[in-house]
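Please keep the model open while reading.

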Amino acid sequence: MTRDHEFDYVIAGGGSAGCVLANRLSADPDIRVLLIEAGRQDRNPLIHVPAGFAKLTAGPYEWGFRSRPQEHCDGRVIPLAQGKVIGGGGSINAQVFTRGAHEDYDHWAEAHGCAGWSFRDVLPYFLRSEDNSRLSAPLHGNGGPLGVSDPANPHPLSMAFVRAGQEFGLPFNADFNGESQYGVGLYQNTTRGGRRCSAAVGYLRPVRKRPNLAVRTGHLIGRVLLDGRRATGVETISGTARHRFRARREVILCSGALGSPKILQLSGIGDPDDLRAAGVEVLHALPGVGKNLHDHCDLDIIYELNAYQSMDRLSRVRPATLAAGIEYAAFRKGPLASTVVEGGAFGYGDRAATAPDLQFHFLPAAGVEAGIAAVRPGYGCTLNSYFVRPRSRGTVRIASADPARPPLIDPNYLADDYDLDMSVEGVRQSREIMAQPSMARHIRAEHLAGGRKLDSKDDYVRFVRGHGRTSYHHVGTCAMGDSDSSVVSPDLKVHGLSGLRVADSSVMPRIVSSNTQAPTVMIAEKASDLILDTV
C-alpha cells in the first residue's frame, strides 16, 4: 500500500463532524489524516449566501433519501434531505444555532450511562467551537472556528412575530443558548461577515493546505476493513474504481445518523437479522446498529399576507431580486444576507415538563424548502413547530450489500401517542401566536389546513398526521451508552471492536431539544480530545 493510501486516522464523512476532526487531528504535523466525502466540494455560491439554503434542500448537494411509507402519517413517503457535500448538513441548512437545554446532556449522563457528557462536561467544547459576535463567557465562546452572529437586518415580519410571541405570553429571550431556552426572540445563526460559516468554512478551509491532511471527495464508503476485531481501514468507490485506505491508528465514522449505521452494516457490523436479510456476512453482532432512529416531526402552517412584503418575492428573477444581489455582492447585506429562519421560540406543550418541549421557527417567506407549499410570491410567511423530545423510534437498515443503494429509513414519526398530542399542541399554539395583534394585522388567510377548519381534536390529528415532515434532525442510530442496545461507549469506541469510533449525531442516545448542528460540532470537538487522549 502506497503512502497516498496509508494514514494514521481515516475519517469517513466530510460533514460537520468530519471537518472538525480533520482540523483537530491534523494539528499535529506528525499525524497523517485522511478525510473522505461522498459528495462534492462546496464551491456553489448558493452554499455561502445565507439565503441560498432555500435552493439546496433538493438537488445535487443532498442524498435524495426518502422514508419508508409512514404508518402513522397516512402512509406518506417523506423526503429526508441530508447534505452530500463537504460540510454536510451545515452547508445546506438554515444555519440556526441552538444547543438544546442543559438538561438534555445531563440526561445522557444520568439515564444512558454516558459519563463525561453532562452539560458541565460538554460546555467547554461548545465554547471552544464558537466565535460569537455578541455574546461571551461564561456561556459563549469567542475566537473559535464556528462563526455565530445575529440576523443581519431582521425582516419586519420577523420582528412582528417576536412581538406576537410576547403578546401570546412568552417572555422575550435574547439568548436561546443561555440559562434557559424559554421564550421568543431572534435566532443566532452560523454566519460570519454576511456569509455562511459551515464547519467546512470555519474548520476545514483554513487547514486544507496542511501537508499531513488529505481530502478525497466523490468517494462513497463501501465498508470498514476488519482484521479480526480491529478496524484497519476503509474501502471506497469512486466512479468505477475501488480504493482501500489504511488507518494505522483508527477509523472514525462521521457520516451522520443515516450514513454511519449504513457503513457499519455494510461492514458486517450490526443486528444479525438485518445483515442476513441484506445478504451481508455477520462479522460482529451489535443489535443496536440502526435502531433508535428519531427526528423532530415538523408541522408547517403557511399564511398569506395582505401586502407584497415577504422574502419569497425573491424566488424569481425580478428587479427586487437583482437589486438584492447587487446589494449583497457589494456590501454583504440585504435580503440575501438573511438566513430566512430569523424568529423563533421555545415553549411548553406539557406544563409538567422540566424544560421547554416545543420549538417554533418563523420564516418571512413561504415555499422556501422543497416540498413545502407556497402562496403568491411576495405574499407568504411560515410558522413551524415541533415537539423537541419525541418518544417514537425508528430504524435504518441496508437494503442490500450494494453501497450505492440507499438505506431503508423508517423514522416512525408519531408512533407514540404522546408525540401526537404534543404535536397537536404545537400547531394549536402556532395558530394562537399568529392570531395575536402584531401578526394578525399582516394576515389575509391561513393555508395548509387540508381545506378544513381546525376546530376539533380530530381535525388537528388529521392535520398533524397528514402534514408532519422531517426537521432534518436525525439522531441516535449508533447510540452512546452502556446498555445492551448501545453501539458506542462514552469514549465513542464501537463496542467489542478496536480502532473504530463513531463521532456524529448518530451517537446521541436521545435527541437534543433544539437544532442539531451545534451539538454535532460539540461531539466532534470532544471526540478529538478522546482520540488524542487529552481529556
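The sections below cover the basis of the model, the serine site and the salt bridges.

## Basis

This is a predicted model, in which local features need pLDDT of at least 70, side-chain atom pairs count only at pLDDT 80 or more, and totals for chains, interfaces and linings use all residues. Residues are numbered from 1 along each chain as its sequence is written, and side-chain values use heavy atoms, with hydrogens and water left out.

## The S486 site

S486 sits in the loop between β21 (469-470) and β22 (500-502). Strands are DSSP runs of E with at least two residues, helices are runs of H or I with at least four, and both are numbered from the N terminus. S486 is buried, at a relative accessible area of 4%. Buried means under 20%, exposed over 50% and partly exposed in between, with a 1.4 Å probe and protein chains only.

The S486 side chain reaches the backbone oxygen of G481 at 3.0 Å. It also makes a polar contact with the side chain of H495, at 3.0 Å. A polar contact is a pair of N or O atoms within 3.5 Å; within protein, one must be able to donate a hydrogen and the other to accept it, and residues adjacent in sequence count only if both atoms are side-chain atoms. Leaving aside residues up to four places away in sequence, S486 touches L286, A479, M480, G481 and H495. Contact here means heavy atoms within 4.5 Å.

## Salt bridges across the chain

A salt bridge is a side-chain nitrogen of Lys or Arg within 4 Å of a carboxyl oxygen of Asp or Glu. The count by this rule is 28.

One of them joins D529 and R128, at 3.3 Å from N to O. This pair links distant parts of the chain: D529 belongs to helix α13 (residues 517-532), R128 to helix α4 (residues 119-129), and 401 residues separate them. D529 is buried, at 12%. R128 is partly exposed, at 31%.

D298 pairs with R469 in a salt bridge, with the closest N and O atoms 3.6 Å apart. D298 is in strand β14 (residues 297-305) and R469 in strand β21, 171 residues apart. Both residues are buried.

E304 forms a salt bridge with R444, with closest N and O atoms 3.5 Å apart. R444 lies in strand β20 (residues 443-447) and E304 in strand β14, so the bridge ties together parts 140 residues apart in sequence. R444 is exposed, at 55%, whereas E304 is buried, at 11%.

Salt bridges with shared partners connect E6, D8, R246, R248 and R249 into one network.
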